[in-house]
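Q: Could you walk me through reading a model like this one?
A: Gladly; let's look together.

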Amino acid sequence: MTDTVEAVEAALRQREWVPTEDEQALGGEFLFRRGELQKDPRPAMPVRPEPWGPWTTQYLAWLTDLVTMADALVDQWRTRPAAGSPMVTLIRAYVAPARPFGPLAHHMEQAWVTDPPALPTPDEVTHHAEQHGCSREEAERNLSDRAVKAWEDGCLPVAARRQIDDVTRSMIGTGSVLATAVIGDAGR
C-alpha cells in the first residue's frame, strides 16, 4: 500500500474520517461495477480449470477496463464528492498501479485476435483422452490449457509478469481498506 492509502486507513481506524453515506455509496458502486467487469472476461478464451481465474490476457484487459470505469464513475458521480474525499483517493489509488498496463493489455488482446495458439484438434483430444484415461471434455480442457499457457508464456515478458503480481498485491491491500470504508466497520 502507498503512504496515502495507509494514511486513509489510519484515519478510518481512528475515526478521523467517517465516510459519508454518499462516499459509501460511491465506494459501493465502484465495488459492484468491479465485480460486474469480472463476470464476462475478454477476450473470449478457453475457460481455465478451477481453481485458476482468468488468463493473464483477460486479467490485463480487466485492469484497463477497471481504470476506465473508475475514472468515469468518479467523474460522473451524482453528487461529485470533493476532490479531497478519502473515498475518491482510495478508488484512484486502487486503480493507479493498473494504469501503465493499457498498452500491454492492448498488445495481448490483439495478439490473441491475430495469432492465437492452435487449440487441440478432435483427433488430438481423442488420443489424449485414451492415453490418459479421461473424458474428452477433460482432455480438451487440459490440452487447451497447455496451449494457451504456452502462448501467454511466449507473448508476455517475464518482467511484466512480476509487475502484474506486484500490482495485484497492491490492489488487494487498497481494496481491503476501500471495502472497510464502504462497509463501515473499521475495527471498533
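A: Helices (H or I, at least four residues) and strands (E, at least two) are DSSP runs, numbered from the N terminus. By that rule the protein has 8 helices and 0 strands, in the order α-α-α-α-α-α-α-α. Please keep in mind that this is a predicted model, where local features need pLDDT of at least 70 and side-chain atom pairs count only at pLDDT 80 or more, while totals for chains, interfaces and linings use all residues. Residues are numbered from 1 along each chain as its sequence is written, and side-chain values use heavy atoms, leaving out hydrogens and water.

Q: What radius of gyration does the protein have, and what would a compact globule have?
A: The radius is taken over C-alpha atoms, and the globule rule is 2.2 Å times the number of residues to the power 0.38. For 188 residues a compact globule would come out near 16 Å, but the protein has 20 Å. Its C-alpha atoms fill a box of roughly 65 × 35 × 30 Å along the principal axes.

Q: How many of the contacts link residues 24 or more positions apart?
A: A contact means heavy atoms within 4.5 Å. Of the contacts in the protein with a separation of 6 or more, 77% join residues 24 or more positions apart.

Q: Which backbone features in the loops deserve a look?
A: Start with omega: the peptide bond between Arg42 and Pro43 is cis, at about -5°. Pro43 sits in the loop between helix H2 (21–39) and helix H3 (56–76). Then check phi: Arg15, not a glycine, has a positive value of about 65°. Arg15 belongs to the loop between helix H1 (3–13) and H2.

Q: How do I check a helix, say H7, and what covers its buried residues?
A: The expected span is 1.5 Å times one less than the number of residues. H7 (residues 136–155) has 20 residues, so it should span 28 Å, and its end C-alpha atoms are 28 Å apart, which agrees. An α-helix has 3.6 residues a turn, so residues three or four places apart point the same way. The buried residues of H7 include Ala139, Leu143, Ala147 and Trp151. Their cover includes H3, helix H5 (102–114), helix H6 (122–132) and helix H8 (158–183).

Technical notes
Buried means under 20% relative accessible area, exposed over 50%, partly exposed in between (1.4 Å probe, protein chains only).
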